[in-house]
Structure formats: structure tokens, C-alpha cells
Amino acid sequence: MKRHAMLGAAALAITALAMGACGSEPPPKVAPAPTPPPAATIAAAAPPLKDPAVNISKDIADACNITIPDRAPKFDFDSSNLSSAEKEILDQVAKCLTTGPLKGRSVKLTGRADPRGEQEYNMDLGENRATSVRKYLSGLGVADNHMAVTSRGALDATGSDEAGWQKDRRVDVTLQ
């Protein structure tokens, strides 16, 4: 009798485990966030130079007479949200592509990331940044079929400290 009870309890435990495993999906793969440098290192470093997170190619800037602020911010770490500085630049691009000298032309939006994090994660983050720019430009009237979104992730990243990594976190806008 005791043996029968032990077998029954084992069968119940196995059944419960199997039912729990069947009813749930494995969690999505998420790259672990890189460990930021200690606060003392950040405080001791010189303030990073801030360039626009939206990098407009020279041919677009010249054709559209776009002014780019000297110290506009880049994307924040692990973010694809556009700041007001990026939106100001993109407003000028949208106007040029919808009613200005480049009306009807197509652009390529290439998202980029700094080298921290796993390659797949950085590729996704770059794509999210480029998609964020595409959605903003689309909302301003730029035709979706005139914008190609791509990502280079951290493949071309050159930064080795916060100031350099900040320059890597951007979207390049180029004519196609």
C-alpha cells in the first residue's frame, strides 16, 4: 500500500510538471543590459560632446538648406525615442522631401547602436531607431514607400567610452 501511494504521488508530480510546461511559452530572448561604468568614472570624465542622433547626409543638408544644431543630443542608451532636437531636424527633412527641392525622392534610414550588448540585440535596437524616424517622417507626410529602413547595429561602431558610444547611437538619413 505504501509503495502504491508513493507511485501515485510521483505520477501526480510528473503530471503537474508536464501540464505547467505545456501551458507556458519560454520567455523571449533579451540581451542582458551591459553593466554601466561606475559613477566615479562617469563623474571624472569630461562631458560628452552631443551631436544629433539623426545624421543627415551632406547632399540632403545642402539641397534642403538644413541647419543642424551643434550640440543636439543622440539617442539615450537602450532607447529609440526621438528628442525634440531630432524632431526639429526631421521636420526640416520632411518639408524638403514633401514640398522642397527633394520632393518625391527616397531616403534610406540606417539605425545604429553602440558596441555594448549582444549583436542581435544591437541590430534590433538599430532597426527600432530607424523605424522611429520613419514613423515620425511618415506622420509629417513623407510616403512610406519613399523610406527604406535598415540596421547596422554596432557593426560600424567606433566608440570606446561614453562620448564615443553616444556618437554611435544614431540614425543616418541618406538619399537613395
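Visitor: How many disulfides does the structure hold, and what makes the pair C64 and C96 count as one?

Guide: This is a predicted model, and it holds 1 disulfide. The sulfur atoms of C64 and C96 are 1.8 Å apart. A disulfide requires cysteine sulfur atoms within 2.5 Å, so the pair C64 and C96 qualifies.

Visitor: Why is the disulfide of C64 and C96 called left-handed?

Guide: The torsion about its S-S bond is about -70 degrees, so the disulfide is left-handed. C64 belongs to helix α3 (residues 58-64) and C96 to helix α4 (residues 84-98), so the bond ties together parts that are 32 residues apart in sequence.

Visitor: Are C64 and C96 buried or exposed, and how do you know?

Guide: Buried means under 20% relative accessible area. C64 has 16% relative accessibility and therefore counts as buried. C96, at 4%, is buried as well.

Visitor: Which other residues of α4 are buried, and against what do they pack?

Guide: Besides C96, the buried residues of α4 are A85, E86, I89, L90, V93, A94 and L97. The buried residues of this helix pack against β1, α3, β2 and α5.

Visitor: How do you know whether the span of α4 is close to the expected value?

Guide: Helix α4 has 15 residues, and from its first C-alpha to its last it reaches 21 Å. The expectation at 1.5 Å a residue is 21 Å, and the span is close to it.

Visitor: What is the order of the strands, and why do β1 and β3 count as edges?

Guide: The open sheet has 4 strands in the order β1-β4-β2-β3, with mixed pairing. β1 and β3 (147-153) each have a single partner strand, so one side of each is left without a neighbour in the sheet. The twist from one strand to the next averages 25 degrees.

Visitor: What makes β2 and β4 a pair?

Guide: Two strands pair if there are at least two bridges between them. β2 and β4 have 5 bridges, in the antiparallel sense, and therefore meet that requirement.

Visitor: Which strands does α5 touch?

Guide: Helix α5 packs on the sheet and touches β1, β2, β3 and β4. Its direction makes about 155 degrees with that of β3.

Visitor: What makes the phi of N65 and of D78 worth noting?

Guide: Most residues other than glycine have a negative phi. N65 is not a glycine, yet its phi is positive, about 55 degrees. D78, also a residue other than glycine, has a positive phi near 60 degrees.

Note on methods
Residues are numbered from 1 along each chain as its sequence is written. This is a predicted model: local features need pLDDT of at least 70, side-chain atom pairs count only at pLDDT 80 or more; totals for chains, interfaces and linings use all residues. Side-chain values use heavy atoms; hydrogens and water are left out. Helices (H or I, at least four residues) and strands (E, at least two) are DSSP runs, numbered from the N terminus. Buried means under 20% relative accessible area, exposed over 50%, partly exposed in between (1.4 Å probe, protein chains only). Axes are lines fitted to C-alpha atoms, for helices over the stretch in contact, and angles run from 0 to 180 degrees between N-to-C directions. Contact means heavy atoms within 4.5 Å. The expected span of a helix is 1.5 Å times one less than its number of residues.
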